[in-house]
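This report describes a protein model for a reader who is new to structural analysis. Please examine the sequence and the three-dimensional view before reading on.

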Amino acid sequence: MLKIFSAGTLAVIGGGVGMRFMGDAEAVVFEDIATTPSAFARSVLHMSTPAPDSAALLQAFQNHQTPPQAGVSVSSESYQQKMHHFEQAYADDVFLAPDKYALVVSVFMRMGRVQELVGHGNFNILSFDELLSYARQYLVVGAFPAAEVDFLEELFTGDARRYGFMGEKVILALTERVPEKDAVKQARTGHFLFKGDAQRLYAKLVQDLNYGVVLTSGIRSVVKQTHLFLAKTIQAKGNLSRASRSLAPPGHSYHGIGDFDVGKVGFGAKNFTEAFADTDEFKRLVDLGYADIRYPQDNLLGVRYEPWHIKVV
Ligand SMILES: [Zn+2]
């Protein structure tokens with residue numbers, strides 16, 4: 001069964017949820033990624049490896065029993081201000097129930113152990129059933145207890161508008177699979193794209209940009225999106241509104257059905273900030289008509305401006 005989920009020679013030091021890169025040794029190869037480790041890390045670390053990567057942060061969150069009030073500003077903050085300062089907390093933000101905090105950390109870490117088992121690339125297209133199955137089969141992961149499965153189901157089926165995310169749901173079942181025959185791994189990126197429109201668009205875009213841009217996030221299964229969303233939720237200290245201002249909740253990401261992100265090679269985590277919009281690469285994307293943006297400036301979907309996100313579907 002591990003044939004399509006070969007962990008390859010993924011360089012991971014230590015356990016836990018964080019993936020750490022081993023210096024600049026050219027010999028290190030990530031899965032089938034044929035770029036230098038440092039260039040790759042700079043380009044995709046931000047999305048491939050969801051923070052929080054510190055045990056201290058996880059522990060603090062796990063032990064927290066009341067929603068943190070720090071950084072809460074006034075409730076009369078306008079919608080546009082919230083979208084612009086999306087990482088701040090606002091008085092009317094909706095928090096996860098504090099009695100769920102320990103559960104969230106546990107489920108996040110268990111998913112992280114499956115990610116290390118199957119490889120970061122393959123985790124992008126892992127289905128929910130596969131997630132549960134790997135956890136059951138590997139002692140190093142441990143089966144998901146019923147409470148954790150229930151939590152994941154509730155997160156998926158719950159109404160995201162409750163915490164301010166107004167985008168539509170594009171994947172309707174938690175168990176929906178990315179068909180293996182439709183997902184094509186993209187060399188030197190560790191990510192997958194759907195055959196057809198997405199792959200054609202990416203190939204042409206990269207060529208037109210003279211290989212100055214790279215795929216930073218492609219297909220994301222419900223599992224991958226959930227893991228990212230939990231990471232964001234933990235980072236946001238349980239603030240679901242804040243988390244969903246910069247990451248679509250499970251089932252709501254167009255990465256599940258075709259969209260992808262690109263970044264400037266070597267630009268690192270800045271590719272996922274508005275700084276990307278100031279690069280020559282982004283200007284070229286606009287000039288060439290590629291930047292048909294899913295979440296434009298001043299969108300009304302409750303999501304920050306995302307110039308790096310390429311709309312396919
Ligand atoms: Zn995106």
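Which residue in strand 4 does K185 stand opposite? The residue is F192.

## Basis of the report

The model is predicted: local features need pLDDT of at least 70, side-chain atom pairs count only at pLDDT 80 or more, and totals for chains, interfaces and linings use all residues. Residues are numbered from 1 along each chain as its sequence is written.

## Overall composition

The secondary structure comprises eleven helices and seven strands. Helices (H or I, at least four residues) and strands (E, at least two) are DSSP runs, numbered from the N terminus.

Of the 313 residues in the protein, 43% are buried. A residue is called buried if 20 or more other C-beta atoms lie within 10 Å of its own, exposed if 12 or fewer do, and partly exposed in between, with the C-beta atoms placed from the backbone. Two residues are in contact if their C-beta atoms, placed from the backbone, lie within 7 Å. Among the contacts with a separation of 6 or more, 72% are between residues 24 or more positions apart.

## The hairpin of strands 3 and 4

Strand 3 (residues 183-186) and strand 4 (residues 191-194) run antiparallel and are joined by four bridges. Two strands are said to pair if DSSP finds at least two bridges between them. The hairpin has four residues between its strands, and R188 takes a positive phi near 65 degrees there.

Strand 6 (260-264) is joined to strand 5 by four bridges, and the two run antiparallel. In this pairing V213 stands opposite K264 of strand 6. Strand 6 is also joined to strand 7 (residues 309-310) by two bridges, again in an antiparallel arrangement. Here F260 stands opposite I310 of strand 7.

Strand 5 is mostly covered, with five of its five residues buried. Strand 6 is likewise mostly covered, with five of its five residues buried. In a regular strand the side chains alternate between the two faces of the sheet. In strand 6, F260, V262 and K264 point one way, while D261 and G263 point the other way, and all are buried.

Which residues of helix 11 are buried? In this helix (residues 280-287) they are E281, F282 and L285. Seen down the axis of helix 11, these buried residues fall within an arc of 100 degrees, so they line one face of the helix. The arc is that of the directions from the helix axis to the C-beta atoms. An α-helix has 3.6 residues a turn, so residues three or four places apart point the same way.

The buried residues of helix 11 pack against strand 5 (213-217) and strand 6. The face turned away from the buried side carries the exposed residues D280, K283 and D287. Just after helix 11, G289 takes a positive phi of about 85 degrees.

## The contact of helices 2 and 4

The axes of helix 2 (residues 55-63) and helix 4 (residues 101-118) come within 7 Å and cross at roughly 145 degrees. Axes are lines fitted to C-alpha atoms, for helices over the stretch in contact, and angles run from 0 to 180 degrees between N-to-C directions. Helix 2 contributes L58, F61 and Q62 to the contact, and helix 4 contributes Y101, A102 and V105. These residues divide into five nonpolar, one polar and no charged. Ala, Val, Leu, Ile, Met, Phe, Trp, Tyr, Cys and Pro count as nonpolar, Asp, Glu, Lys and Arg as charged, and the others, Gly among them, as polar.

## Exposed loop residues

Most residues other than glycine have a negative phi. N210, in the loop between helix 8 (197-208) and strand 5, has a positive phi near 55 degrees. Y211 lies in the loop between helix 8 and strand 5 and has a positive phi of about 60 degrees, although it is not a glycine. Why does N210 count as exposed? N210 counts as exposed because it has 9 C-beta neighbours inside 10 Å. Y211 is exposed, with 10 other C-beta atoms within 10 Å.

D92 is found in the loop between strand 2 (89-90) and helix 4. D92 is exposed, with 12 other C-beta atoms within 10 Å. D92 and G164 are 72 residues apart in sequence, and their C-alpha atoms are 9.8 Å apart in space.
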